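Reader: I am new to this structure and would like to learn how to read it, feature by feature. Could you give me the general idea each time, and then the case at hand?

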Amino acid sequence: MDIARIKRVKPLMDRRFGMFIHWGIYSVPARASRSEWIRNVDRVTIEDYQPYFDTFNPVDYDPKKWARLAKEAGMKYAVLTTKHHDGFCLFDSQYTDYKSTNTPCGRDLVKEYVEAFRAEGIMVGLYYSLLDWHHPDYPAYGDMHHPMRDNREFKGQGEHFERYVEYLHNQVRELLTNYGKIDIMWFDFHYGEMTGEKWEATKLVKMAREINPDLIIDDRLGGDIKVEEPVYYAGDFGSPEQMIPAGGVRDYKGNPIPWETCMTLNDNWGYSQRDMNYKSAKHVIRMLVECASKGGNLILNVGPDARGNIPKKSIEILKEVGEWMRLNGESIYGCGIADYPKPEWGRITKGEKAVYLHAIDLNQDTISMTNFPYKVKMATRLSDGSLLSMAEPWNVDSYDGENNVFVHMPPFPVLDPVDEVIKLDIE
């Protein structure tokens with residue numbers, strides 16, 4: 001990765017934890033069948049989808065509440081779906097009538113989101129789908145994902161795809177110029193022949209960089225970010241979905257590259273009233289720790305309902321995560337891979353002047369590490385700052401290796417059952 005990309009993406013990677021927000025008119029049917037993919041899954045026509053547009057009126061929408069929740073959860077950046085695959089826009093675009101300002105809502109929802117999250121000091125990101133199942137020039141019949149892919153009446157749609165590409169570029173320009181400086185542009189997604197220059201990706205990214213040279217862009221326009229010299233539009237970071245890669249994300253030579261995994265809090269991205277299969281706060285915390293220990297970020301999704309409320313269960317979980325982050329966030333923000341193998345009792349993250357031991361599965365009262373690559377000055381319990389003993393055992397001579405480290409842990413009843421973090425100050 002070139003120096004410019006490293007410098008550009010570092011502010012995002014240092015934040016480690018973000019909020020993804022999937023929201024649109026698909027929150028009205030609130031279906032369990034992939035929610036935001038309802039048109040695809042159920043082959044819904046534009047006409048049958050129209051009632052959700054006609055009734056969309058999120059009277060409870062208050063992005064200031066969303067931003068405060070994100071901040072309380074310890075999230076340092078956020079990404080909102082400005083337009084998903086159904087083509088509906090949450091912003092007042094001059095290039096379409098299919099937008100929130102033309103629904104009973106009558107509001108530019110993106111504008112309010114940007115202002116609210118920026119006010120809380122949270123890095124602002126915008127998601128934009130490259131797909132568009134509403135636009136008349138987007139390929140339909142025979143396309144891999146279009147709801148009308150099997151409907152011969154739509155054969156021929158997409159013959160003037162260049163008009164859709166112009167529309168796409170125009171809307172991205174709007175998003176990057178109408179709301180002040182945007183930090184992250186999260187494109188989604190390429191497939192089959194619909195990749196790279198099909199979207200005129202080089203031209204698109206050049207335009208975006210002219211508007212904001214510091215703009216951080218994901219890797220879903222196409223191109224392989226893992227090669228030695230990625231194409232211009234390959235993106236600044238990898239974006240695995242619903243999984244954490246075993247070794248993090250690395251290039252083909254084995255070198256780590258910036259990455260972020262996107263995860264749902266339950267089983268759906270958009271709101272689904274029947275989906276109560278939520279991850280626990282413990283699960284979320286351990287995912288976050290795993291990502292950070294492998295040099296990656298976690299962006300965790302919430303799906304607000306049709307009234308604009310984040311589900312109560314999501315709020316409860318995020319607040320619980322936030323309490324752990326309040327005490328232990330130092331071991332996450334600005335931290336990454338430590339030059340030491342993963343221990344059997346947990347994980348390790350490394351900051352600039354400290355190494356953090358995440359005791360997740362500890363079955364003894366002393367942590368011992370052989371051939372530790374850092375000179376440790378002292379060990380403290382991160383959550384309360386209490387000093388821990390590093391006295392060598394009487395039989396230390398029987399240990400193999402050099403620079404062996406011993407940390408005598410607090411009593412087991414005191415240990416955090418989710419993740420007890422020990423801070424090692426290093427030279």
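This is a predicted model: local features need pLDDT of at least 70, side-chain atom pairs count only at pLDDT 80 or more; totals for chains, interfaces and linings use all residues.

Reader: Where does Glu72 lie, and how many residues along the chain separate Glu72 and Lys319?

Author: Helices (H or I, at least four residues) and strands (E, at least two) are DSSP runs, numbered from the N terminus. Glu72 lies in helix H4, which covers residues 63-72, and although Glu72 and Lys319 are 247 residues apart along the chain, their C-alpha atoms are separated by 6.4 Å.

Reader: What does the chain look like as a whole, in its secondary structure and its radius of gyration?

Author: The secondary structure comes to nine helices and 14 strands. The radius of gyration, taken over C-alpha atoms, can be set against the globule rule, which is 2.2 Å times the number of residues to the power 0.38. Here the radius of gyration is 24 Å, close to the 22 Å that the rule gives for 427 residues, so the chain is as compact as a globular protein of that length. Taken along the principal axes, the C-alpha atoms fill a box of roughly 80 × 45 × 40 Å, and 58% of the 427 residues count as buried. Among contacts between residues at least 6 apart in sequence, 70% join residues at least 24 apart.

Reader: How many positive and negative side chains are there?

Author: In this count Lys and Arg are positive and Asp and Glu negative, with His and the chain ends not counted, and the place of a charge is NZ of Lys, CZ of Arg, CG of Asp or CD of Glu. The chain has 52 positive and 65 negative side chains, and the centres of the two sets lie 2 Å apart.

Reader: How many aromatic pairs are there?

Author: Rings of Phe, Tyr and Trp (its six-membered ring) pair if their centres lie within 6.5 Å; planes under 30 degrees apart count as stacked, over 60 as edge-to-face, and the rest as tilted. By this rule the count comes to 24 aromatic pairs. One of them is stacked, formed by Tyr127 and Trp186 at 6.0 Å centre to centre, with 20° between the planes. This pair links distant parts of the chain, with Tyr127 in strand E3 (residues 123-129) and Trp186 in strand E4 (residues 184-188), 59 residues apart, and both Tyr127 and Trp186 are buried. Tyr138 and Tyr164, in turn, form an edge-to-face pair, 5.2 Å centre to centre and with 90° between the planes. Tyr138 lies in the loop between E3 and helix H6 (161-177), and Tyr164 lies in helix H6, 26 residues apart. Tyr138 is buried, with a relative accessible area of 0%, and Tyr164 counts as buried at 0% relative accessibility.

Reader: Which residues form one aromatic cluster?

Author: Trp23, Phe53, Phe56, Tyr61, Trp66, Phe88 and Tyr98 form one such cluster.

Reader: Finally, which peptide bond is cis, and where is phi positive in a residue other than glycine?

Author: For the backbone, one reads the angles omega and phi. The peptide bond from Asp188 to Phe189 is cis, with omega near -10°, and Phe189 has its place in the loop between E4 and helix H7 (201-211). Arg43, a residue other than glycine, has a positive phi, near 55°; Arg43 sits in the loop between helix H2 (38-42) and helix H3 (46-55).

Note on methods. Residues are numbered from 1 along each chain as its sequence is written. Side-chain values use heavy atoms; hydrogens and water are left out. Buried means under 20% relative accessible area, exposed over 50%, partly exposed in between (1.4 Å probe, protein chains only). Contact means heavy atoms within 4.5 Å.
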